[in-house]
Amino acid sequence: MVMSRRTALGASFVAGAGALLAGSATALAAPLPEGAAVDATSALDLLKKGNLRWQRGEQRHPHEGAARRSELVAGQQPFAIILGCADSRVPPELVFDRGLGDLFTVRSAGQVLDESVLGSIVYGVEHLHVPLIVVLGHASCGAVAAAVDAHETGQVPGGHVGYLVEQILPVIEATPGGDDPVDAGVSANARHIAGLLRADPELAGHVADGSLRVVAARYDLDDSRVSFLD
């Protein structure tokens with residue numbers, strides 16, 4: 001059968017579009033190559049692509065099947081540590097569209113550091129050789145809002161919540177609030193904690209020799225986007 005010029009052009013266009021879509025799908029592919037070593041740059045790229053899938057509603061829910069569960073019985077090799085807030089709206093495995101064994105997740109309200117949090121992070125770096133730490137703040141953080149309120153009223157809550165507020169309060173005091181001091185505080189707090197981790201005596205050597213990268217980020221609830229701040 002002889003194909004007309006118009007038909008040929010149409011077929012060419014469809015084939016080209018299909019290749020483009022296939023390429024786009026490959027670019028956002030979720031699985032990690034089996035046994036592949038992942039450095040901080042590659043790990044960050046995986047997180048960015050996973051969050052883009054999440055934003056688009058194109059989640060692939062990788063590494064959740066029975067084969068992956070069986071594989072992980074022998075051990076784990078996560079490619080990133082996520083220090084996130086305890087807020088129920090910001091689960092890292094969903095926000096970054098990753099599965100079992102991919103992320104070493106540590107969560108505390110406002111990403112506040114204490115010995116338990118630091119010990120967990122150091123374990124991930126020194127024993128699991130994770131190359132990337134992401135400090136993930138988020139919009140409308142209740143812990144940051146409580147610190148802003150304490151700054152404005154001069155009254156710090158008592159008890160355990162007071163401990164959280166006291167850890168965040170110096171950041172709020174040093175941050176120009178503008179029209180939205182909570183939003184400004186969210187970004188400033190993530191950056192501050194990332195800086196503390198880079199300078200921590202048990203992590204600084206890994207940062208200095210290039211085996212570890214620490215970055216700050218924030219998640220915005222309205223558009224599901226993670227913005228990396230440094």
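I started with the sheet pairing: strand 3 and strand 4 run parallel to each other over seven bridges. For bookkeeping, two strands pair if DSSP finds at least two bridges between them, and helices (H or I, at least four residues) and strands (E, at least two) are DSSP runs numbered from the N terminus.

This is a predicted model, so I kept in mind that local features need pLDDT of at least 70 and side-chain atom pairs count only at pLDDT 80 or more, while totals for chains, interfaces and linings use all residues. Residues are numbered from 1 along each chain as its sequence is written, and side-chain values use heavy atoms, with hydrogens and water left out.

**Strand 3.** I then looked at strand 1 (residues 80–84), which pairs with strand 3 in the parallel sense over four bridges. There, glycine 84 has leucine 136 of strand 3 as its bridge partner.

Buried here means under 20% relative accessible area (exposed is over 50%, partly exposed in between; 1.4 Å probe, protein chains only). Leu132, Val134, Leu136 and His138 point one way, and Ile133, Val135 and Gly137 the other.

**Cores.** I looked up the nonpolar cores next, meaning sets of buried Ala, Val, Leu, Ile, Met, Phe, Trp, Tyr and Cys residues joined through side-chain atoms within 4.5 Å. The largest has 23 residues, and Leu83, Ile121, Ile133, Leu197 and Leu203 touch the most other members. Helix 5 gives the most to this core, with five residues. I also listed a second, separate core of 19 residues, which includes Val90, Leu103, Val134 and Val215.

**Arg218.** This one sits in strand 4 (residues 213–220). Beyond four places in sequence, the contacts of arginine 218 (heavy atoms within 4.5 Å) include Leu136, Asp183 and Arg225.

**Whole chain.** I logged nine helices and five strands. Buried residues make up 41% of the 230 residues.
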